[in-house]
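Thanks for coming. I will take one chain today, going from the overall figures down to single residues. Please have a look at it first.

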Amino acid sequence: MWCEPNVCPIECFTSFRFLPHAIIHVALFYIAALVIAVLKSLRCWPSPSAFDKRFADTFYVAWHCPVTLTSIPFSIMGLRGAYDLWVSGNVQQQFGNGSMSHPLITEAGVWFFTFIGVDTILCVLHRMVDKEMLLHHAIFGLVCFLVTSTCAFGITTAVLLSQELSTPFLNVFLLFRAFKGVDSSLTIVTFLAFSAFFYAVRVVLNSFAMLLFVRVLYSALTGAPTVTMSSFEQGVMALLAVPLLAGQLLQLKWAKLIATKIISAASGKKQEKPGKAD
């Protein structure tokens with residue numbers, strides 16, 4: 001791991017130990033773009049289906065590569081960190097100042113925070129950015145900044161990181177859908193795998209984590225805190241509640257949409273073709 005053990009994420013940034021994560025992300029992006037460009041020049045690269053013409057862009061396809069690969073280790077690190085804090089049974093260790101200093105949570109957090117920054121720069125440089133992406137990265141960037149500024153809410157951050165376990169399956173599904181078509185068995189299998197992980201980590205696990213978060217926040221705001229926090233940390237926690245709870249409501253909306261698609265497909269009902277990738 002690049003960050004020193006038992007330090008808060010901010011110290012990993014101020015010591016520039018986050019740079020290897022940035023270099024890895026950039027390298028994966030441009031290596032993928034180079035491979036795709038070479039295969040295209042050799043006429044060995046497939047043409048995308050009519051489903052989403054954005055996949056005709058070399059850089060857009062390459063953009064899916066870094067996070068598909070890196071989200072696997074940092075989401076597993078987040079999941080293990082969340083488990084360690086949960087089995088401790090100590091609410092102070094789970095939410096209090098210093099809870100982000102768990103080595104795995106620090107490393108995974110810095111890795112993800114770096115991804116948000118570097119990914120934004122790459123998207124702007126290669127003109128792949130749109131309003132939806134900017135809003136997504138701005139919200140995640142704000143959450144990352146707030147968590148880093150306090151070094152608290154470790155278990156919440158760890159569970160948020162573990163949600164990225166579904167990301168590799170989502171990206172592979174999008175690639176198969178673009179190049180193999182919606183009826184391909186590969187597309188269907190990866191969609192089902194994505195759905196399973198989505199429900200496990202983004203619906204079940206994160207809903208539980210949000211309940212814990214709200215319970216601690218409520219106790220702090222009603223004058224019977226279960227965690228010792230400064231006034232600044234309480235304010236940050238209240239501010240964090242807005243994007244976190246809004247994000248979870250959005251996850252539940254997507255969960256309903258996924259369930260509808262699976263049920264419709266299983267019953268043999270023909271669905272309208274979506275206009276854009278999810």
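This is a predicted model: local features need pLDDT of at least 70, side-chain atom pairs count only at pLDDT 80 or more; totals for chains, interfaces and linings use all residues.

Residues are numbered from 1 along each chain as its sequence is written, and side-chain values use heavy atoms, with hydrogens and water left out.

First, the chain as a whole. How many helices and strands are there? The secondary structure comes to 10 helices and zero strands. Helices here are DSSP runs of H or I with at least four residues, strands are runs of E with at least two, and both are numbered from the N terminus. Along the sequence, the pattern reads α-α-α-α-α-α-α-α-α-α.

On overall dimensions, a compact globule of 278 residues would have a radius of gyration near 19 Å, and the chain has 20 Å, which agrees. That radius is taken over C-alpha atoms, and the globule rule is 2.2 Å times the number of residues to the power 0.38. The C-alpha atoms fill a box of roughly 60 × 45 × 30 Å along the principal axes.

Of the 278 residues, 46% count as buried. Buried means under 20% relative accessible area, exposed means over 50%, and partly exposed is in between, with a 1.4 Å probe and protein chains only. Contact means heavy atoms within 4.5 Å. Among contacts with a separation of 6 or more, 79% come from residues 24 or more positions apart.

Now helix α6, residues 131–150. Its 20 residues reach 29 Å from the first C-alpha to the last, close to the 28 Å expected at 1.5 Å a residue. The expected span is 1.5 Å times one less than the number of residues. Which residues of α6 are buried? They are M133, H137, V143, C144, L146, V147, T148 and T150. These pack against α1 (9–14), α3 (58–88), α5 (103–125), α7 (154–162) and α10 (231–266). Just after α6, C151 takes a positive phi of about 65 degrees.

Helix α8 covers residues 167–180, and its 14 residues should span 20 Å at 1.5 Å a residue; the end C-alpha atoms are 19 Å apart, which agrees. The buried residues of α8 include T167, P168, N171 and F173, and the buried set packs against α3 and α9. Just after α8, G181 has a positive phi of about 95 degrees.

Back to positive phi. Most residues other than glycine have a negative phi. N6 has a phi near 60 degrees, and its place is the segment before α1. N6 is exposed because its relative accessible area is 60%. R127, in the loop between α5 and α6, has a phi near 55 degrees. At 79% relative accessibility, R127 also counts as exposed.

Leaving aside neighbours within four places in sequence, V201 is in contact with S162, Q163, L165, S166 and N206. V201 and L161 are 40 residues apart in sequence, and their C-alpha atoms are 9.7 Å apart in space.

T114 sits in helix α5 and is buried, with a relative accessible area of 5%. With neighbours within four places again left out, T114 is in contact with F13, F18, H21 and A22.

I23 counts as exposed, at 57% relative accessibility. Its C-alpha atom is separated by 35 Å from that of S88, 65 residues away along the chain.

That is the end of the tour.
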